[in-house]
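Subject: Structure handover

Hello,

Here is the structure I promised to pass on. Please open it before you read my notes.

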Amino acid sequence: MALQSLDIKARSATSTLSPLVRTAVTEVVKLIDISKCIGCKACQVACMEWNDLRDSVGKNIGVYDNPADLSDQSWTVMRFSEVEVNSGRLEWLIRKDGCMHCSEPGCLKACPAPDAIIQYSNGIVDFHEEHCIGCGYCIMGCPFNIPRMSKKDSKVYKCTLCSDRVAVGLEPACVKTCPTGAIIFGSKEDMIHHAEDRIFDLKERGYQRAGLYNPPGVGGTHVMYVLQHADQPELYHELPKDPGISPEVILWKGISKTVMNIGLGTAILGGIFHYVTQGPNEVSEAEEEKQ
Amino acid sequence: MSQNKMIQRYKASERFNHWFVAICFILAALSGIGFFHPGFFWLTNLFGGSTWARILHPFFGVIMFLFFIVWVARVWKYNHVTAADWQWVKHLGDILRSRTNNLPEIGKYNLGQKYLTRTLLVAIILLLASGILIWQPWFASVFPIELRRMAVLIHAFSAFVALMCFIVHVYAAYWTRGSIRAMTQGTVTVAWAKHHCMAWYKEMVSKN
């Protein structure tokens, strides 16, 4: 709390309340308009620059994706998909992949280390690697396949939405650098309003299924996409249509914790009360003396 | 007590095996339960911090598995369920009220002990298999994420079953007076053997 200027909404592995007294600030959203993206990767460079990340030089795998995947050194990656939604008309859909900053983050739910994952009241979900123990549970909790464990330190990294910049009133580095205005940043309300205008334009230009990607299965996200084909998000490099925390993770981190704790406690108490009411199971002295 | 006649129940190598498994089990349980519920997270400090607990936990588990398998192999010949066992279990209510006269003559282990061993065997095999699937940073990343999600749930449930077995086992050993001596010094009194395991006692006598 002392060293940061953002209020906390939720902390991993913490069953008591976070400080609530200060009035919640406006929720922020990074809006990515895929119809405006030219795939220049300036956002990837800006991310590396601001966060002091340098991924190793990879190999060409036959597509424009470079690097080929997210990593501890690449917190955002452009995903290039060549699709023909209407036959004979090739479309190049370029999605800037990275953390979606869910309102109900699966990573935070799964994390066993107190304070390793923080959700700020502005909506940013941030990993505090100094508290990370390297168990990889967040990777299992995430519905978007985002967190990556470093081979160097066995800690997990992902997009911070530039929480350090946002905390001092700056926009994220990728937003600052985007040359076409495909990435913009502001209050959730403003961004949704802006997206609605863009979707209206897209529909006028023939994209009848244009829409906003803000999936309710994770309580909405703080990174939203304007999609030309919002009815088929999977076209955009397997963007999940209806993402949510997996049922196994919900069961594991939900009711099972309570049931199993009650079970163990009951077994221990059962033993104690059995002993104090029934006494020990002894071989009688008479039996011992007979021998 | 010391003037009573004694009978050997566990050899030194068996006692070593048992306590080696027990120590590994306790270390694995203490280091693991902190990852299951935040209320127990402080236990990870026993291992030099939570990251150390995460690093060490799987090694405790694997070593426990290996020695537990050896243990099961050693006692398996006493684990066949007999007709007398099913008679014995009918008296379970009496036994729990310490009314232990006129019980059927059973072998070295009673039905509860036999099923405890079997349940632990299944639980520990599941713990090992699911544990490898989620073992960071060595193995987890090569397995599909859906499999790992199943594994982490199975791991938690199997650990719960194993802990329940552990609680029952520890309590039963404490409650049944004269049993702990069998696993610390190796012997029980002849009266103890006749009282709890008459068939085993007769077998031992006929052997010598």
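First, the ground rules. This is a predicted model, in which local features need pLDDT of at least 70, side-chain atom pairs count only at pLDDT 80 or more, and totals for chains, interfaces and linings use all residues. Residues are numbered from 1 along each chain as its sequence is written, while chains are lettered from A and ligands numbered from 1 in the order in which they are written.

**Chain B**

Chain B has nine helices and two strands. Both kinds of element are DSSP runs numbered from the N terminus: helices are H or I with at least four residues, strands are E with at least two. Along the sequence the pattern reads β-α-α-α-α-α-α-α-β-α-α. The C-alpha atoms fill a box of roughly 55 × 35 × 30 Å along the principal axes. Of the 208 residues in chain B, 32% are buried. Buried means 20 or more other C-beta atoms within 10 Å of the residue's own, with C-beta atoms placed from the backbone.

Take helix α5(B), residues 111–133. This helix has 23 residues and reaches 33 Å from its first C-alpha to its last. That is close to the 33 Å expected at 1.5 Å a residue, where the expected span is 1.5 Å times one less than the number of residues. Its buried residues are Lys114(B), Leu120(B), Ile124(B), Leu127(B), Ser130(B) and Gly131(B). Their cover includes α2 (50–75) and α6 of chain B.

**Where the chains meet**

In total, 40 residues of chain B are in contact with 38 residues of chain A. Contact means that the C-beta atoms of two residues, placed from the backbone, lie within 7 Å. On the chain B side, α6(B) gives the most, with 14 residues. That side divides into 23 nonpolar, eleven polar and six charged residues. Here Ala, Val, Leu, Ile, Met, Phe, Trp, Tyr, Cys and Pro count as nonpolar, Asp, Glu, Lys and Arg as charged, and the others, Gly among them, as polar.

One helix pair spans the two chains. The axes of α8(A) (255–278) and α6(B) (145–175) come within 10 Å and cross at roughly 5°. Axes are lines fitted to C-alpha atoms, for helices over the stretch in contact, and angles run from 0 to 180 degrees between N-to-C directions. The two helices are therefore roughly parallel to each other, a label for angles under 35 degrees. Residues making this contact include Gly263(A), Ala267(A) and Gly271(A) of α8(A), and Phe160(B), Met164(B) and Tyr171(B) of α6(B). By class, the contact has 13 nonpolar, three polar and no charged residues.

**Sheets of chain A**

Four strands form an open, mixed sheet in the order β9-β2-β11-β10. Strands pair if DSSP finds at least two bridges between them. The edges are β9(A) (183–187) and β10(A) (211–213), each pairing on one side only. β10(A) pairs with β11(A) (223–227) in the antiparallel sense over three bridges. Gly211(A) stands opposite Leu227(A) there. Helix α6(A) (188–204) lies across β2, β9, β10 and β11 of chain A, at about 135° to β9(A).

Another open sheet has three strands, in the order β1-β5-β6, with antiparallel pairing. Three bridges join β1(A) to β5(A) (117–120). Ile118(A) in β5(A) is the bridge partner of Arg11(A).

Best wishes

Conventions:
Angles under 35 degrees count as roughly parallel, over 145 as roughly antiparallel, 65 to 115 as roughly perpendicular and the rest as oblique. A residue is buried if 20 or more other C-beta atoms lie within 10 Å of its own, exposed if 12 or fewer, and partly exposed in between; C-beta atoms are placed from the backbone.
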